[in-house]
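Colleague: I have the model open and would like to go through it with you. Could we take it residue by residue where something stands out, and then move on to the fold?

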Amino acid sequence: MERLHRAHPDVDVLVVDDGSPDGTGRIADGLAAADGRVNVLHRTGKAGLGAAYLAGFRWALDRGYDVVGEMDADGSHAPEQLDRLRAALVDADLVIGSRYVRGGAVHNWPLHRQALSRGGNAYVRLLLGLPVRDATAGYRLFRRSALERIDLEAVRSVGYVFQTDLAARAVRAGLRVREVPIDFVERLRGESKMNGSVATESLRMITRWGVAERRAQLRRALRRPGAAAAPAGRHDQSAAGRR
């Protein structure tokens with residue numbers, strides 16, 4: 001918090017606490033009592049990462065904020081680089097702090113974590129057709145209008161795949177999405193909840209979305225004028241060529 005406000009004194013902070021047993025909520029309450037720029041949203045039980053973000057977004061929208069951001073509080077995202085995202089928002093609706101565009105970097109991650117992250121993002125681009133290099137990144141800025149167009153009430157993803165879900169929804173809504181390079185540093189505190197089972201569940205959901213998208217593309221192709229008169233195999237090949 002101190003680093004963030006030293007770099008960006010005008011930024012307000014919301015800590016979403018899902019009843020953390022480690023005392024996070026109590027610490028956040030102390031910070032909020034000492035600094036009017038810090039706010040805390042307490043929720044009972046753990047409903048997942050996505051549900052916490054959605055609650056935070058609604059809190060910000062209800063209070064009239066025009067720009068809403070996400071960042072990890074474990075030291076992975078450098079507050080000093082937030083200015084890169086803020087500058088890019090001038091001509092964008094969603095700005096992603098990306099590890100995998102030119103100038104971005106990952107520090108102190110073991111090779112298997114890098115392989116898991118890069119492989120997952122490559123799979124997202126291939127299956128969903130997203131023009132985003134780091135769809136799983138959690139360092140982001142949204143315009144208020146972007147969150148309103150995404151239709152947050154329709155979002156059902158709750159785990160780590162939430163970030164990919166929102167990036168995909170933004171692209172499909174025709175929003176302007178930009179990526180800017182950041183330095184991602186292995187967390188300074190706590191332990192990551194990302195493991196093999198979490199990654200498998202994310203890939204399962206992305207696969208389901210990708211299959212649904214391909215079916216929708218095929219249906220659209222078949223509904224085009226003259227489609228009924230053409231051989232079915234020809235449509236299949238045409239649809240595959242546009243993937």
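Colleague: Is Asn108 buried or exposed?

Modeller: In this predicted model, Asn108 counts as exposed, with a relative accessibility of 63%. Asn108 sits in the loop between strand S5 (105–107) and helix H5, and its phi is positive, about 70°, although the residue is not a glycine.

Colleague: Which phi does Asp151 have?

Modeller: Asp151 has a positive phi near 65°, again in a residue other than glycine. Asp151 belongs to the loop between H6 and H7, and with a relative accessible area of 40% it is partly exposed.

Colleague: Changing topic, what are the helix and strand counts, and how much of the chain is buried?

Modeller: The protein has 9 helices and 8 strands, and 41% of its 243 residues count as buried. Among contacts between residues at least 6 apart in sequence, 77% join residues that are at least 24 apart. The exposed surface comes to about 13300 Å², of which carbon and sulfur atoms supply 53%.

Colleague: And the largest nonpolar core, which residues have the most contacts inside it?

Modeller: That core has 31 residues, and those with the most contacts inside it are Phe57, Phe142, Leu147, Leu152 and Phe162. The elements giving two or more residues to it are helix H3 (49–62), strand S4 (94–98), helix H5 (111–128), helix H6 (144–150), helix H7 (162–172) and helix H8 (196–223). H3 provides the largest share, with 6 residues.

Colleague: What does Phe57 touch, leaving out residues up to four places away in sequence?

Modeller: With those sequence neighbours left out, Phe57 touches Val68, Glu70, Phe142, Leu147, Leu152, Phe162 and Leu166. There is also a second, separate core of 16 residues, which includes Leu4, Val40, Ala88 and Leu89.

Colleague: How many aromatic pairs are there?

Modeller: The count comes to 6 aromatic pairs. Ring pairs link Tyr53, Phe57, Phe142 and Phe162 into a cluster, and Phe57, Phe142 and Phe162 are also among the residues with the most contacts inside the largest core.

Colleague: What about Trp59 and Tyr65, how are those rings arranged?

Modeller: Trp59 and Tyr65 form a stacked pair, with 6.1 Å from centre to centre and 25° between the planes. Trp59 counts as buried at 15% relative accessibility, whereas Tyr65, with a relative accessible area of 27%, is partly exposed.

Colleague: On to charges, how many salt bridges does the whole structure have?

Modeller: A search of the whole structure finds 11 salt bridges. One of them joins Asp18 and Arg43, where the closest N and O atoms are 2.7 Å apart. This pair links distant parts of the chain, since Asp18 is in the loop between S1 and helix H2 (24–34) and Arg43 is in the loop between strand S2 (38–42) and H3, 25 residues apart.

Colleague: Are Asp18 and Arg43 buried or partly exposed?

Modeller: Asp18 counts as buried at 9% relative accessibility, while Arg43 is partly exposed, with a relative accessible area of 22%.

Colleague: Which salt bridge does Arg37 make?

Modeller: The side chain of Arg37 meets that of Asp35 in a salt bridge, at 2.9 Å from N to O. Arg37 is partly exposed, with a relative accessible area of 27%.

Colleague: And where are the partners Asp134 and Arg99?

Modeller: Asp134 lies in the loop between H5 and strand S6 (140–143) and Arg99 in the loop between S4 and S5, so their pair ties together parts that are 35 residues apart in sequence. The closest N and O atoms of this salt bridge are 2.8 Å apart, and both Asp134 and Arg99 are buried. Arg99 also lies over the face of Phe184, at 5.2 Å from the ring centre.

Colleague: Last one, where is His8, and what does it touch?

Modeller: His8 is in the loop between helix H1 (2–7) and strand S1 (13–17), and at 7% relative accessibility it counts as buried. Not counting residues up to four places away in sequence, His8 touches Pro79, Leu82, Asp83 and Arg86.

Key
Residues are numbered from 1 along each chain as its sequence is written. This is a predicted model: local features need pLDDT of at least 70, side-chain atom pairs count only at pLDDT 80 or more; totals for chains, interfaces and linings use all residues. Side-chain values use heavy atoms; hydrogens and water are left out. A nonpolar core is a set of buried Ala, Val, Leu, Ile, Met, Phe, Trp, Tyr and Cys residues joined through side-chain atoms within 4.5 Å. Buried means under 20% relative accessible area, exposed over 50%, partly exposed in between (1.4 Å probe, protein chains only). Helices (H or I, at least four residues) and strands (E, at least two) are DSSP runs, numbered from the N terminus. Contact means heavy atoms within 4.5 Å. Rings of Phe, Tyr and Trp (its six-membered ring) pair if their centres lie within 6.5 Å; planes under 30 degrees apart count as stacked, over 60 as edge-to-face and the rest as tilted. A charge sits over a ring if NZ of Lys or CZ of Arg is within 6 Å of the ring centre and within 35 degrees of the ring normal. Accessible areas come from the Shrake-Rupley method with a 1.4 Å probe; for residues, only the protein chains shown count as cover. A salt bridge is a side-chain nitrogen of Lys or Arg within 4 Å of a carboxyl oxygen of Asp or Glu.
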